[in-house]
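Here are a few notes to read alongside the structure. Keep the viewer open and look for each element as you come to it.

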Amino acid sequence: MIHNFIMHVICPFVGTVAFAVLFNVPKRFYLCCGCTGAAGWLMYHMVMIYGGSAATASFCGTLVVVLLSRILTVVMKCPITIFLVSGIIPLVPGAGIYYTVFYMVNNELAEAARRGMESAKVAFAIVLAIVFVVSLPRKYFQPLYWMERKERKIRKG
Amino acid sequence: MKIRQITRNKDEYMDLLLMADPQEDMIERYLDKSDLYVLVNGGDVCSVCVVEPLKNRKCELKNIATRTEDRGKGYAKYMLRYICERYSATCDVMYVGTGNYKEIIRFYERCGFIHSHIVANFFSENYREPIYEDGVRLTDMIYLKKQLDSSVDVKKVVDLALEAGRILLKNGAEIFRVDETITRICNSFHVEYVDTFILSHAIFVSAENGVEEAYTKVKQIPLSASHLGIVAEVNELSREIAGGFVSIEEAKERLRRIDQMPAKRSYFQVLAAGMGSGSFGYLLGATALESVIAFGIGCILYVWVLTAKKYNISKMLVNIIGGVIITVLALAALHLPFAAPVKIDGMIIGGIMPLVPGLAFVNAIRDIADSDFLSGTVRMIDALLVFVYIAVGVGFALSVYNNMGGGLML
């Protein structure tokens, strides 16, 4: 249990914050960046546990990251890039690249192609998820919109 | 410090208004048809100001006053500047009438007002109580005026907007943010017609305010390292400009300071790269020992990246040699006598992470999602090439090692 917690919460959190540092993100955003990264990874991990493919898991993880980033942008009043870039790092298929190269060097071309295609699929899933959430209109992420909507409903009812 | 326009219950500020104009019925005569502004600092109302719009693009400053304890802090000047900028869109001339107080007239002159005309016997006819200044009874109202449109200079505004855009683009902002910031800055300084064309490494702006000729400027911006802190700061500044709280000169000065914001200290960056490598190595299946080694690899790798940045070594070499360094170090760790046997996979995967072009990748996707295909493709190719460079570096080192006969141990 503790091992799982360290593995799937602390690790992505620390890693994401480390990358936030590399991107020169201001200090006050570290916590939010870390949470975004950890949340994205948790989602990815959950889907993997329940038997999803790497691409599906990346898609779901990215969805969480982008949604959280958009909400945090409104709350903290800063560019979305800050959370998005740091949060997505755990999901980037770094391992995929390595295995592709590894098998290619060892002349196992079929395996290399399989790994390469899988990385490409993961990358494409990330792209899809980002495009999907980014295209949602801005107003859905502003608290004012939901408050007004609630008021309108109350007035109608 | 914030300036608000008050539309309801204007009488609440009567105490402050009476400081500049001692008779209440005179104030009530203009208060209803005028615009009232208050300057709030830390929850307290420090200054008030009343402007009455007149016919033919003219307006009159009726009243401006600051609390006794807050005088001499420049609040009135700040307020006046805000008002001038705000009314320059709808008015050409602003008038202000005052008694013959030397200090007050000097204050207005410092703010750019010049003498206009005198209304004889204004005070003696309209005020019940005689007003004395230095023992002399005030009788005439002295009017001063200021040309408002002279403060808008298209060239200056576009230069400022372009500088903001350059800093944003250089430090890794998306195309639409650059576009939005440039347009927002131009509009808030009353340059109404702005057209921008932004690529991943160049900005074209053409602007006019309907009076002068169009002004066009092009700026080339080389790709370089990103700094999201600067993007956040410029974003904040552009919000403030849009709110009308910053003058052109002030904005220029702040941009200059933002541009010089240093990156995080290098040892801090090196440690962060190590932490990133270590924790992602662990996350992607390395053992605790391997992640500690990955930490070391990440640190050494980033020392190389920072050195390369200092000497302006090309991106291609940085990443290929980076890949080689990671692999060589991981292979070396394989042969060192550790307490437990280590595998190479986790260490290399962890080590690669600091090189992964996350920012370029995400920006490329977002540009494409915003239909900025040109910049999106350029950035995407940039990101993909970095992946390829890393792969080449790692692959090269691995195959050399294999051919040396150490492949059996892999």
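Predicted model: local features only at pLDDT ≥ 70, side-chain atom pairs only at ≥ 80, totals over all residues.

1. Three strands make up an open sheet, ordered β10-β11-β12 (chain B), and their pairing is antiparallel. At the edges sit β10 (193-199) and β12 (215-220) of chain B, each of which pairs on one side only. From one strand to the next, the twist averages 10°.

2. Now follow one pair of strands. As a reminder, strands of a sheet pair through backbone hydrogen bonds, either parallel or antiparallel. Here β10(B) and strand β11 (residues 202-208) of chain B run in the antiparallel sense, with 7 bridges between them. To find your place, look for B:Phe197, which stands opposite B:Phe204 in β11(B).

3. What packs on the sheet? Helix α6 (residues 154-170) of chain B does, touching β11 and β12 of chain B. The direction of this helix makes about 155° with that of β11(B).

4. Next, step back to the whole of chain B. Its domain assignment gives domain 1 (2-151), domain 2 (154-259) and domain 3 (266-409). The centres of domain 1 of chain B and domain 2 of chain B, taken over C-alpha atoms, are separated by 34 Å.

5. Finally, how many residues does each chain give to the contact between chains A and B? Chain A gives 37 residues and chain B gives 45 residues. On the side of chain A that touches chain B, the elements giving two or more residues are α1 (2-22), α4 (81-88), α5 (94-105) and α6 (109-134) of chain A. The residues on that side of chain A comprise 31 nonpolar, 6 polar and no charged.

Technical notes: Residues numbered from 1 in each chain as written. Chains lettered and ligands numbered in written order. Contact = placed C-beta atoms within 7 Å. Helix = DSSP H or I, 4+ residues; strand = E, 2+ residues; numbered from the N terminus. Nonpolar A, V, L, I, M, F, W, Y, C, P; charged D, E, K, R; others polar. Pairing = 2+ DSSP bridges. Axes fitted to C-alpha atoms, helices over the stretch in contact; angles between N-to-C directions. Domains from an automatic or database assignment.
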